[in-house]
Amino acid sequence: MLPLDQALRAALAQRAPLLATLHAQGTNCYRLFHGSQEGAGGLTVDRYGPQLLVQSFHQTLPRDALLHLASLCEEALGTPLQLVYNDRSQGNSRIDRSDPVYQAEDAALADLIGQEWGLNYRVRGRHAGQDPLLFLDLRNARGWVKAHSAGKSVLNLFAYTCGVGLAAAAGGAREVVNLDFAEGNLAVGRENGALNPELAPMQFIQSDYFPAIRQFAGLPIAQRRGHKLPPYPRLAARSFDLVFLDPPAWAKSAFGTVDLLRDYQSLLKPAILATAEDGVLICCNNLAKVALAPWREQVLRCAEKIGRPLRDCQVLAPADDFPSQDGQPPLKTLILQF
Ligand SMILES: C[S@@+](CC[C@H](N)C(=O)[O-])C[C@H]1O[C@@H](n2cnc3c(N)ncnc32)[C@H](O)[C@@H]1O
């Protein structure tokens, strides 16, 4: 493994042309160092607008190394940044907030704003959840949605903080529906909407994925014998011109299990059925151990099996701030045109 100083300098030099392009596009949120691929496994350095977010997943970064790293980034970008260090190397990957040495300045932990594709996004260095409020490897997908949403009805599934919904609204969608079961995540989505007051308002549905998508798709809601289902919002069957499906790797609820390794089909099938006849479904799989080729086959087979032939299937890779030595980035995205 390279010494951190050398690895970070190389990563920053490598990114210079990309960063110039991103700045010109109205983007100041990006990954500056992707440790697993650039010489320091378990370490990531991201810029979120005015904030520099350093995260460690394997071991705690010594204080001097952290401060040196921050100054190298500031120097390369030619701008001062508010440092937040989240050490997620402790049990269960929660953030270690116990050591005062690593406590950030109040100003760095304040509610800040970052930009992507000319849109404002809420940036909060620490909050109730563990992940940053915007997943940076999905930037190209949000860009695609922004460029292809004009006049469309858009359904953003597993919406999290509604970044994809915001991109659709900015692209001129006639209707944007964000769906997630976590009210706290949708609340950030509402903040994101409010930070871009020129856009048409988005809709938010707080619901478990399974009952919601099955109602949109006109499918019955399965109940396990002897298990009464919790209440869920009632929705009319309907389809959307553009559907975005980016689920977490694994999650269990009273209605079903999200499992990207063993059962992508039960997520995909109703999502396809809720996509208009000539619509577009963008689906993602962020599990590193699922390779693109077999997953793509699975997706194509599922579409064929339910009688929804595809006109086109395009692979969308993350941008170069997420380099991948083996050409197999963990986040895989397919754009399916029906
Ligand atoms: C990895 S994030 C998805 C990222 C998101 N697509 C984006 O654009 O940033 C996972 C989201 O899925 C939501 N979620 C997990 N299981 C769910 C379920 N069964 N129904 C609805 N939402 C769920 C979580 O609340 C979380 O917001």
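Guide: A polar contact is a pair of N or O atoms within 3.5 Å; within protein, one atom must be able to donate a hydrogen and the other to accept it, and residues adjacent in sequence count only if both atoms belong to side chains. The model is a predicted one, in which local features require pLDDT of at least 70 and side-chain atom pairs pLDDT 80 or more, whereas totals for chains, interfaces and linings use all residues. Residues are numbered from 1 along each chain as its sequence is written, and side-chain values use heavy atoms, with hydrogens and water left out.

Visitor: What makes the pair Asn178 and Asn156 a polar contact?

Guide: Their side chains are joined at 3.0 Å, and the limit for such a pair is 3.5 Å, so the term applies.

Visitor: Where does Asn178 lie, and why is Asn178 called buried or exposed?

Guide: Asn178 belongs to strand S8; strands are DSSP runs of E with at least two residues, helices are runs of H or I with at least four, and both are numbered from the N terminus. Buried means under 20% relative accessible area, exposed means over 50%, and partly exposed is in between, with a 1.4 Å probe and protein chains only. Asn178 has 0% relative accessibility and is therefore buried.

Visitor: How do you know how many disulfides the structure has?

Guide: A disulfide is a covalent bond between the sulfur atoms of two cysteines. The criterion is a pair of cysteine sulfur atoms within 2.5 Å, and a search of the whole structure finds zero. For Cys284, the closest cysteine sulfur is that of Cys283 at 6.9 Å, which is too far for a bond. For Cys302, the closest is again in Cys283, at 9.2 Å, likewise too far. Cys284 is buried at 0% relative accessibility, and Cys302 is buried at 7%.

Visitor: Why is the contact between Arg139 and Asp321 called a salt bridge?

Guide: A salt bridge requires a side-chain nitrogen of Lys or Arg within 4 Å of a carboxyl oxygen of Asp or Glu. The N to O distance between Arg139 and Asp321 is 2.4 Å, and the pair qualifies. Arg139 is in helix H5 (residues 139–147) and Asp321 is in the loop between strand S14 (312–316) and strand S15 (332–337), so the bridge ties together parts 182 residues apart in sequence. Both residues, Arg139 and Asp321, are buried. By this rule the structure has 14 salt bridges.

Visitor: What makes Arg238 and Glu175 a salt bridge, and how are the two residues classed?

Guide: The closest N and O atoms of Arg238 and Glu175 are 2.9 Å apart, which meets the criterion. Arg238 lies in the loop between helix H8 (209–216) and strand S10 (240–245), and Glu175 lies in strand S8 (residues 175–180), so parts 63 residues apart in sequence are tied together. Arg238, at 30%, is partly exposed, whereas Glu175, at 17%, is buried.

Visitor: Why are Arg262 and Asp259 classed as they are?

Guide: Arg262 has a relative accessible area of 63% and is therefore exposed, while Asp259, at 10%, is buried. The two form a salt bridge, with closest N and O atoms 2.9 Å apart. Elsewhere, salt bridges that share partners join Asp111, Arg122, Arg124 and Glu191 into one network.

Visitor: How do you know which residues surround the ligand?

Guide: A residue is near a molecule if one of its heavy atoms lies within 4 Å of it. By that test 15 residues surround the ligand, the closest being Phe158, Asp180, Asn185, Tyr209 and Asp246. A backbone N or O atom of Phe158 is 2.9 Å from a ligand nitrogen, and a polar side-chain atom of Asp246 is 2.8 Å from a nitrogen atom of the ligand. A side-chain N or O atom of Asn185 lies 2.8 Å from a ligand oxygen.
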